Amino acid sequence: MAILLLLQHREQVTAAEVARELEISERTARRDLDALGMAGVPVYAIQGRGGGWRLVGGARTDLSGLTASEARALFLVAGPASAATPAVKTALRKLVHALPEPFRMQAEAAASSRVLDPRRWGASRIEPRPPRFLDALQDAVIRGVQVRLGYVDREGTGTVRTVHPLGIVAKGPSWYLVANAEAGRRTFRIDRVSSADPTGDPVHRPEDFDLAESWRAIADDVDRKRTPLEARAVCAPQAIGILRIGFGGRLEVGGATTDGRIEVVIRGNDEHTLAGELAGLVEWIDVTGPPAVRDHLASIGNALVERYA
């Protein structure tokens, strides 16, 4: 793609110019220029002094339709503030370098216009490193080959199995492999992978598989398993926003009651922990069940009165 854009912008290029612009060897540049022709791109070589490579008849590709705003958006992905991998950043920078000068200037300016800091206030400054086998598993997904996967679960038990990699997901600082195995679809934390050896056998990928949809179902299932307890309550309408901030996806908002309050369901891990989370919201909510959560709230209230009254 970068060579195509170079050809369109400069009309004629030499292998040396391509190599210098894209930071590759001249041998690689010649090979890639030949590959364009083999792929059906109308590119031809002019021999002798002043020679080089040209597109037949000034042929164009749809990539030339990049607008200035699209080029800026592209370079935001490649900029130093991006969370993209170094390989992605390098590849996109090479592509952007092939843009016409007006687009390139705006795209490069975009790189220094935004800083992304994923850490919350007070969080550690230590940046998590990509897990060891991330690239190997990503490659297996792209090539569609099965992997002999070594894995250590949360209890420290190691297993080895053959899986069909379907996709990679980043959830916060953690990376996951979504794959089919003998026992069905499974999710593996990549930082727990101890080995990843491609077998060369093709992946059996369901025709209707959608990674984003599959991950939503997995995440919803995990969230419910992590927070199996449901507390029912009625809430003052003005406090719904506070509950959304505090509980996120653990909050389900229902209908209005006869006195104008809103019915809500809040999920938690256990009665004691959930009561502790709800105790500071007593001004806005009235927990109606289950009884164990109400009992813990009463106990917390009694302890507060005893200590601070």
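**View 1. Aromatic pairs in the predicted model.** Two aromatic pairs are counted, the criterion being rings of Phe, Tyr and Trp (its six-membered ring) with centres within 6.5 Å, where planes under 30 degrees apart are stacked, over 60 edge-to-face and the rest tilted. In the pair of tyrosine 151 and phenylalanine 188, the ring centres are 5.1 Å apart and the planes stand at 75°, so the pair is edge-to-face. Tyrosine 151 belongs to strand 4 (residues 145-152) and phenylalanine 188 to strand 7 (residues 184-189), so that distant parts of the chain, 37 residues apart, are linked; helices (H or I, at least four residues) and strands (E, at least two) are DSSP runs, numbered from the N terminus. Tyrosine 151 has 8% relative accessibility and counts as buried, and phenylalanine 188 is buried at 2%; buried means under 20% relative accessible area, exposed over 50%, and partly exposed in between (1.4 Å probe, protein chains only).

The model is a predicted one, in which local features need pLDDT of at least 70 and side-chain atom pairs count only at pLDDT 80 or more, while totals for chains, interfaces and linings use all residues. Residues are numbered from 1 along each chain as its sequence is written, and side-chain values use heavy atoms, with hydrogens and water left out.

**View 2. Tyrosine 176 and tryptophan 215.** The ring centres of tyrosine 176 and tryptophan 215 are 5.4 Å apart and their planes are at 40°, so this pair is tilted. Because tyrosine 176 lies in strand 6 (residues 174-181) and tryptophan 215 in helix 8 (residues 211-226), the pair ties together parts 39 residues apart in sequence. Both tyrosine 176 and tryptophan 215 are buried.

View 3. Three strands form an open sheet in the order 1-3-2, with antiparallel pairing; two strands pair if DSSP finds at least two bridges between them. Strand 1 (12-13) and strand 2 (43-46) are the edge strands, each pairing on one side only. Two bridges join strand 1 to strand 3 (residues 52-55) in the antiparallel sense. Valine 13 is opposite tryptophan 53 of strand 3.

**View 4. Strand 9 and its partners.** Five of the seven residues of strand 9 (residues 229-235) are buried, so the strand is mostly covered, given that buried means under 20% relative accessible area. Strand 9 runs antiparallel to strand 11 (residues 262-268) over seven bridges, and in strand 11 valine 265 is the bridge partner of arginine 232. Strand 9 also runs antiparallel to strand 12 (residues 285-289), over four bridges. There, alanine 233 stands opposite valine 287.

View 5. The whole structure holds 10 salt bridges, each defined as a side-chain nitrogen of Lys or Arg within 4 Å of a carboxyl oxygen of Asp or Glu. One joins aspartate 139 to arginine 143, with the closest N and O atoms 2.7 Å apart. Both residues lie in helix 7 (residues 134-143), four residues apart, about one turn of the helix. Aspartate 139 is partly exposed at 34%, as is arginine 143 at 46%. In another, arginine 31 bridges to aspartate 32, the closest N and O atoms being 3.3 Å apart. Arginine 31 is exposed at 53%, whereas aspartate 32 is partly exposed at 25%.

**View 6. A salt-bridge network.** Arginine 224 forms a salt bridge with glutamate 252, the closest N and O atoms being 3.0 Å apart. This pair links helix 8, which holds arginine 224, to strand 10 (residues 251-256), which holds glutamate 252, 28 residues apart. Salt bridges link Arg224, Glu230, Glu252 and Arg267 in a network.
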